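Subject: Handing over a structure, with notes

Dear colleague,

I am passing this structure on to you, and I would be grateful if you could look it over alongside my notes. Please open it before you read further.

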Amino acid sequence: MPLLSIIIPCYNSYSKLQFGLRRIEAQNHHELELIVVDDCSTDNSYVRLQEFAKSCVLNFKIFKNEENSGPGITRNNGLKFASGEYVTFMDADDYFADDFFSTIRPLLNLQNECIIFDFIIKDGNKETPQSTVINGEKGGNISPERAMLFSRGAPWGKIYLKSIIDEQHIQFLAMKQNEDMPFTKIAIANCANIIYVDKYLYYYVMEEGSLMHNDSLVDVNNTKVAFKVVYDRLHINYPFEIEALFIHEYLYSLGLTLLSKQPRSEWIASVSEAELMFPAYLKNKYLKEFPKYVQLIVYLMHFKMYWILKQVLKLRKIF
């Protein structure tokens, strides 16, 4: 049985994906399993994946969805086929650092149920190091509460013991955006032993044409659905954390998304309606641990400073 399965969704993206595949293959370790699920590509990606598999030195598996389903369902299908003791995810645009597996290998099979690691944003020739845990946490053991709350919702940057994912029936949502946050939060919350490795082991490549940057797919209903899934699964055991998660993953996201879509009166009504879920959220004990810009934006939302908030976002974009 492989030690680690790397699950990668692919849609018309082999030309980008092949770089990431070669980087993994260069690590040349028999304990790795690569699983690529093609989401009914309309170009020759599936054929080229089959050709790559013929010469790949790793345990390489290719599957194809019956119909185009989006990244969430595609990753779920990858999980069905994964045979590794642990699983992690990579997007087709991205790639792992050269020392990824050599760094995390000693941490596997040491009762660690989840491993979190940092990443680098690559935008052309510019590389910007980023922490996956956003509150300034140092590397080492981290509690499920803090890991769940402060880890970014992206699927990558984490490794999970697969048996926990299977036993708890944790899945990605069938949406093209916001499908990953519930999986990440619920999976981390179900892990008892978590270690945070503050090393940059993943490269997130900025691509204008990716789903992540497709404004036509932005839908506030996705934000609501995603938060409700997390709330239903975790609010009993993590009441304070869920309230804090509401601030960052619901109110913050909802308020900023609607800022460019609604006039002032409608925006105020939308934010006020959202605040009814947790009326005392400004007293949450975790709020002061969020990044300063998040705290500023949340307070501007609370006091309905529509025009000031617009100017703050413009300045932040400029600088």
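This is a predicted model: local features need pLDDT of at least 70, side-chain atom pairs count only at pLDDT 80 or more; totals for chains, interfaces and linings use all residues.

Residues are numbered from 1 along each chain as its sequence is written, and side-chain values use heavy atoms, with hydrogens and water left out.

The whole chain

The secondary structure of the protein chain comes to 12 helices and 10 strands, where helices (H or I, at least four residues) and strands (E, at least two) are DSSP runs numbered from the N terminus. Along its principal axes the C-alpha trace spans about 60 × 40 × 35 Å. A compact globule with 319 residues would have a radius of gyration near 20 Å, and the protein chain agrees with this because its own value is 20 Å; the radius is taken over C-alpha atoms, and the globule rule is 2.2 Å times the number of residues to the power 0.38.

Of the 319 residues, 54% are buried, a word that here stands for under 20% relative accessible area, with exposed meaning over 50% and partly exposed in between (1.4 Å probe, protein chains only). Among the contacts with a separation of 6 or more, 78% are accounted for by residues 24 or more positions apart, a contact being heavy atoms within 4.5 Å. The protein chain exposes about 15000 Å², of which carbon and sulfur atoms supply 52%; such areas come from the Shrake-Rupley method with a 1.4 Å probe, and for residues only the protein chains shown count as cover.

Helix α3

Helix α3 covers residues 70-81, and its 12 residues should span 16 Å at 1.5 Å a residue, which agrees with the 17 Å between its end C-alpha atoms; the expected span is 1.5 Å times one less than the number of residues. Because 9 of its 12 residues are buried, α3 is largely enclosed by the rest of the structure. Those buried residues include Gly 70, Pro 71, Arg 75 and Leu 79, and the buried residues of α3 pack against the strands β1 (4-10), β2 (32-38) and β4 (86-89) as well as the helices α6 (162-167) and α7 (181-189).

From α3 to β4

Ser 83 is found in the loop between α3 and β4, and its relative accessibility of 27% makes it partly exposed. Although Ser 83 and Pro 2 are 81 residues apart along the chain, their C-alpha atoms are separated by 6.5 Å, and Pro 2 is one of the residues that Ser 83 touches once residues up to four places away in sequence are set aside, the others being Met 1, Ser 5, Glu 33 and Lys 61. In strand β4 itself lies Thr 88, which is buried with a relative accessible area of 0%. Leaving aside neighbours within four places in sequence, the contacts of Thr 88 include Leu 4, Ile 7, Phe 96, Phe 117 and Ile 159.

The loop between α4 and β6

Asn 109 counts as partly exposed at 42% relative accessibility, whereas Gln 111 is exposed at 65%. Asn 112, in that loop between α4 (100-104) and β6 (114-123), is buried at 9%, and beyond residues up to four places away in sequence it touches Tyr 86, Leu 107, Asn 193 and Ile 195.

Two further loops

Ser 151 lies in the loop between α5 (144-150) and β9 (158-161) and is buried at 2% relative accessibility. Not counting residues up to four places away in sequence, the residues that Ser 151 touches include Ile 116, Thr 132, Lys 158 and Lys 185.

With best wishes
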